[in-house]
Amino acid sequence: MKNVTDRTRNPFGMRPDCPSFVPGYGDANADFHVIGDHPGLHGGLEEGIPFTGEPWSPAFLGVLTDAGLLASVDEDGDPSGAGSEDGADLVGTGDDDPGRVSTDRTFLSYLHMCLPDGEPTPASYDDMERYFDAELRAIAAHVLLPVGARATDHVLRQYTARAWKTEVDMDALHGEELLGSGWLVLPIKEPAEWDDGDADALVEALRRLQSTDFRRESDLGRFVAGNDPYLVR
């Protein structure tokens with residue numbers, strides 16, 4: 001597949017109308033899309049990378065690395081823009097400095113990329129939806145990995161037909177494969193609430209998933225002119 005962009009930070013130049021925000025980060029041609037809630041809950045403002053800067057971040061990023069979704073995490077790295085006064089200066093530039101997290105077929109983003117003043121309101125989530133949905137559809141990853149109850153509920157309601165028959169119980173859904181409409185969904189329990197065994201269970205689930213035909217593509221090239229493959233989900 002031809003890369004649509006080789007930019008890692010904010011590859012599509014998202015600029016919401018807020019002073020501090022954390023846009024998407026990673027491989028724009030990703031197979032895996034890890035979806036969090038907002039920077040106030042899941043971090044990232046200091047480095048401009050989702051899921052960084054929290055006490056649980058090393059364990060969470062370590063699991064993604066062990067499972068093969070991240071190429072590496074430089075614990076001693078000095079992220080580009082460190083020391084800036086607000087997230088708008090740090091992130092959203094779209095430069096080609098990848099920061100200290102090196103992704104591998106993976107994209108990281110939030111439902112609500114702006115840092116809220118307290119808890120985001122329903123209207124604020126609705127306003128931020130256009131940015132998240134645009135990134136999700138531009139990336140078109142095969143597997144969506146929502147982190148936490150809100151992200152899981154949103155993904156199930158908006159991108160699958162399973163919401164009506166799926167209780168959002170994160171202990172039960174953690175690491176479980178759910179077939180959506182063109183996407184495979186694998187929810188992740190809130191990292192701050194992980195118990196013994198949750199990290200290992202997630203690594204095992206992600207490795208098992210990658211050993212299967214998780215892309216679920218069919219080549220319909222025989223029905224069109226030319227010799228190029230035409231892959232559809």
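Two residues are in contact here when heavy atoms of theirs lie within 4.5 Å. Keep that cut-off in mind as we walk through this predicted model, beginning with a single serine.

S57 sits in helix α2, which covers residues 57–66. Setting aside neighbours within four places in sequence, S57 is in contact with F51, T52 and G62. The side chain of S57 also reaches the backbone nitrogen of E54, at 2.9 Å. Is S57 buried or exposed? Its relative accessible area is 2%, and because buried means under 20%, S57 counts as buried.

Let us step back to the whole chain. The protein chain has 7 helices and 10 strands. Of its 233 residues, 49% are buried. If you take contacts between residues at least 6 apart in sequence, 68% of them join residues at least 24 apart.

Now for a pair of helices. Two packed helices are described by the angle between their axes and the distance between the axes. Helix α4 spans residues 122–139 and helix α5 spans residues 149–159; their axes come within 13 Å and cross at roughly 70 degrees. Angles of 65 to 115 degrees count as roughly perpendicular, and α4 and α5 are therefore roughly perpendicular to each other. The crossing of α4 past α5 is right-handed.

Which residues of α4 and α5 meet? From α4 come Y125, E129, F132, D133, L136 and R137, and from α5 come R150, H154 and Y159. Sorted by class, this contact of α4 with α5 has 4 nonpolar, 1 polar and 4 charged residues.

Key: Residues are numbered from 1 along each chain as its sequence is written. This is a predicted model: local features need pLDDT of at least 70, side-chain atom pairs count only at pLDDT 80 or more; totals for chains, interfaces and linings use all residues. Side-chain values use heavy atoms; hydrogens and water are left out. Axes are lines fitted to C-alpha atoms, for helices over the stretch in contact, and angles run from 0 to 180 degrees between N-to-C directions. Helices (H or I, at least four residues) and strands (E, at least two) are DSSP runs, numbered from the N terminus. Angles under 35 degrees count as roughly parallel, over 145 as roughly antiparallel, 65 to 115 as roughly perpendicular and the rest as oblique. A crossing is left-handed if the near helix is turned anticlockwise from the far one by less than a right angle, and right-handed if clockwise. Ala, Val, Leu, Ile, Met, Phe, Trp, Tyr, Cys and Pro count as nonpolar, Asp, Glu, Lys and Arg as charged, and the others, Gly among them, as polar. Buried means under 20% relative accessible area, exposed over 50%, partly exposed in between (1.4 Å probe, protein chains only). A polar contact is a pair of N or O atoms within 3.5 Å; within protein, one must be able to donate a hydrogen and the other to accept it, and residues adjacent in sequence count only if both atoms are side-chain atoms.
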